[in-house]
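I opened this notebook to keep track of what I looked up in the structure below, beginning with the whole chain and moving on to single residues.

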Amino acid sequence: MNPIIEILKEHNISDEKISELFQTLTENPMMAMGVVQQLGIPPEKLQAIMGLVMTNPDVIKEAVEELGLDFSKVEQAKEKLKQGQ
């Protein structure tokens, strides 16, 4: 299991909420932060997730693919952010 998904499940985050988080991430990464905040995950666990992402950025792609979502949408969203749209 993907380590990000595993941490979320440890905090009793439902599969539905996990899918919602990653769906939001694929559509609008900035909005994903709002979804994360609503989950009520302790700050130290959020730091652990951020540490995972910073040391291994592919962990996001792995989680998106594990959930059956389209990672190309994450790439498209990143490009929009770079272009300031």
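**Entry 1, the whole chain.** I noted at the outset that this is a predicted model. I counted 6 helices and 0 strands in the protein chain, and from the N terminus on I read the order of elements as α-α-α-α-α-α. The radius of gyration is 12 Å, close to the 12 Å that the globule rule gives for 85 residues, so I take the chain to be as compact as a globular protein of that length. For the C-alpha trace I found a span of about 35 × 25 × 25 Å along the principal axes.

I looked up the accessible surface of the protein chain, which comes to about 5600 Å², with 53% of it belonging to carbon and sulfur atoms. Of the 85 residues, 31% count as buried. When I took the contacts between residues at least 6 apart in sequence, 63% of them joined residues at least 24 apart.

Which residues have the most contacts inside the largest nonpolar core? I found Ile-4, Leu-8, Leu-21 and Phe-22, in a core of 21 residues. The elements that give two or more residues to this core are H1, H2, H3, H5 and H6. I reminded myself that in soluble globular proteins nonpolar side chains tend to be buried together. I then followed Leu-21 and, leaving aside its neighbours within four places in sequence, found it in contact with Leu-8, Ala-32, Val-35, Val-36 and Leu-39.

I listed the buried residues of H3 (29-38) as Pro-29, Ala-32, Val-35 and Val-36. They cover an arc of only 100° around the axis, which puts them on the same side of H3. I recalled that an α-helix has 3.6 residues a turn, so residues three or four places apart point the same way. The buried residues of H3 pack against H2, H4 and H6, while the face turned away from the buried side carries the exposed residues Met-30, Met-31, Gln-37 and Gln-38. After H3 comes Gly-40, and I noted its positive phi, near 70°.

Is Thr-24 buried or exposed? Thr-24 lies in helix H2 and is buried, because its relative accessible area of 17% falls under the 20% cut-off. Beyond its neighbours within four places in sequence, I found Thr-24 in contact with Pro-29, Met-31, Ala-32 and Val-35. Ser-19 is also placed in H2, but at 30% relative accessibility it counts as partly exposed. With the neighbours within four places in sequence again left aside, I found Ser-19 in contact with Leu-67 and Leu-69.

I looked up Asn-2 in the segment before H1 and found that, at 3% relative accessibility, it counts as buried. Leaving aside its neighbours within four places in sequence, Asn-2 is in contact with Val-59, Glu-62, Ala-63 and Glu-66. Asn-12, by contrast, counts as exposed at 73% relative accessibility, and its place is in the loop between helix H1 (3-10) and helix H2 (15-27). I also noted that phi of Asn-12 is near 55°, a positive value in a residue other than glycine.

Notes. Residues are numbered from 1 along each chain as its sequence is written. This is a predicted model: local features need pLDDT of at least 70, side-chain atom pairs count only at pLDDT 80 or more; totals for chains, interfaces and linings use all residues. Side-chain values use heavy atoms; hydrogens and water are left out. Helices (H or I, at least four residues) and strands (E, at least two) are DSSP runs, numbered from the N terminus. Buried means under 20% relative accessible area, exposed over 50%, partly exposed in between (1.4 Å probe, protein chains only). Contact means heavy atoms within 4.5 Å. A nonpolar core is a set of buried Ala, Val, Leu, Ile, Met, Phe, Trp, Tyr and Cys residues joined through side-chain atoms within 4.5 Å. The arc is that of the directions from the helix axis to the C-beta atoms. The radius of gyration is taken over C-alpha atoms; the globule rule is 2.2 Å times the number of residues to the power 0.38. Accessible areas come from the Shrake-Rupley method with a 1.4 Å probe; for residues, only the protein chains shown count as cover.
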